[in-house]
Amino acid sequence: MSVQFAVWVANPALYTQIVNQASLTSAQMPTPQIASAVTPVVTCFTVAPEGLHADPTNITAFTARWTEVPGAFGYRLDVATDPAFAAADYVEAYSNRAVSGTFQAVTGLTHDVLYYFRVRAEWNGLCTSANSQTQMVQTLGLPVIGVFPEELDFGTVDVGDLAELALTVTNSG
């Protein structure tokens with residue numbers, strides 16, 4: 001039987017693989033054979049996306065935007081109602097959401113609520129950057145319609161051939 005293991009160094013541009021083969025069936029453990037090789041690999045992202053900002057589009061959505069990370073194959077987007085991004089605070093369908101470009105419409109939200117988003121650059125699904133800075137955005141509030149009784153004017157209402165039409169106006173406050 002052979003035992004193999006790999007050790008990866010912190011430098012993302014290089015890796016060192018150490019193979020240790022030992023015969024576990026022998027009564028006497030022979031000296032392990034160690035082979036070491038250094039092979040360059042494509043650099044993993046060390047810089048997170050920057051330039052995060054949001055464009056509120058209506059009361060239940062906004063568009064999250066960030067600057068491109070050169071060489072990124074895609075991005076991962078998180079949206080939550082708390083800046084700590086606890087599991088219970090993620091917006092449904094926006095936890096580690098795959099995004100192919102540098103913006104994503106975030107929909108299905110509640111009006112007049114603070115949301116937070118962050119982004120990670122992704123390389124080929126194998127390597128992901130650290131989280132970006134967190135960006136806060138507030139969805140738009142419901143419009144306030146001011147109606148003052150002295151300004152109410154229903155004008156002329158044409159009821160046509162309807163003989164029985166009731167118009168009720170109530171004041172709720």
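**Charged and aromatic contacts**

Arg120 is buried, as is Asp78; here buried stands for under 20% relative accessible area, exposed for over 50%, and partly exposed for the range in between, with a 1.4 Å probe and protein chains only. The model is a predicted one, in which local features need pLDDT of at least 70 and side-chain atom pairs count only at pLDDT 80 or more, while totals for chains, interfaces and linings use all residues. Residues are numbered from 1 along each chain as its sequence is written, and side-chain values use heavy atoms, with hydrogens and water left out.

The two residues named at the outset are also partners. Arg120 and Asp78 form a salt bridge whose closest N and O atoms are 2.6 Å apart; the term requires a side-chain nitrogen of Lys or Arg within 4 Å of a carboxyl oxygen of Asp or Glu. Because Arg120 belongs to strand E8 and Asp78 to strand E5, this pair ties together parts that are 42 residues apart in sequence. Strands (E, at least two residues) and helices (H or I, at least four) are DSSP runs, numbered from the N terminus.

Asp78 has a further partner in Arg118, with a salt bridge of 2.9 Å from N to O. Arg118 lies in strand E8 and Asp78 in strand E5 (residues 74-80), so this contact joins parts that are 40 residues apart in sequence. Arg118 has 15% relative accessibility and therefore counts as buried; the value for Asp78 is 2%, so this residue counts as buried too. Together, Asp78, Arg118 and Arg120 are linked in a network of salt bridges.

Arg118 also has an aromatic contact. It lies over the face of Phe85, at 3.9 Å from the ring centre; for a charge to sit over a ring, NZ of Lys or CZ of Arg must be within 6 Å of the ring centre and within 35 degrees of the ring normal. Arg65 is placed over the face of Phe103 in turn, at 5.2 Å from the ring centre.

How many salt bridges does a search of the whole structure find? The search finds four. One of them joins Arg65 to Asp55, with the closest N and O atoms 2.5 Å apart. Since Arg65 is in strand E4 and Asp55 in strand E3 (residues 53-58), the pair ties together parts that are 10 residues apart in sequence. Arg65, at 28% relative accessibility, counts as partly exposed, and so does Asp55, at 29%.

The aromatic residues form contacts among themselves as well. The structure holds five aromatic pairs. In one of these, the rings of Phe62 and Tyr115 have centres 6.5 Å apart and planes at 40°, so the pair is tilted. Rings of Phe, Tyr and Trp (its six-membered ring) pair if their centres lie within 6.5 Å, and planes under 30 degrees apart count as stacked, over 60 as edge-to-face and the rest as tilted. Phe62 lies in strand E4 (residues 61-65) and Tyr115 in strand E8 (residues 114-123), so the pair connects parts that are 53 residues apart in sequence. With 1% relative accessibility, Phe62 counts as buried; Tyr115, with 4%, counts as buried as well.

Another pair is that of Trp66 and Tyr75, whose ring centres are 5.6 Å apart and whose planes meet at 65°, so the arrangement is edge-to-face. Trp66 counts as buried at 4% relative accessibility, and Tyr75 counts as buried at 3%. Finally, Phe62, Tyr115 and Phe117 form one aromatic cluster.
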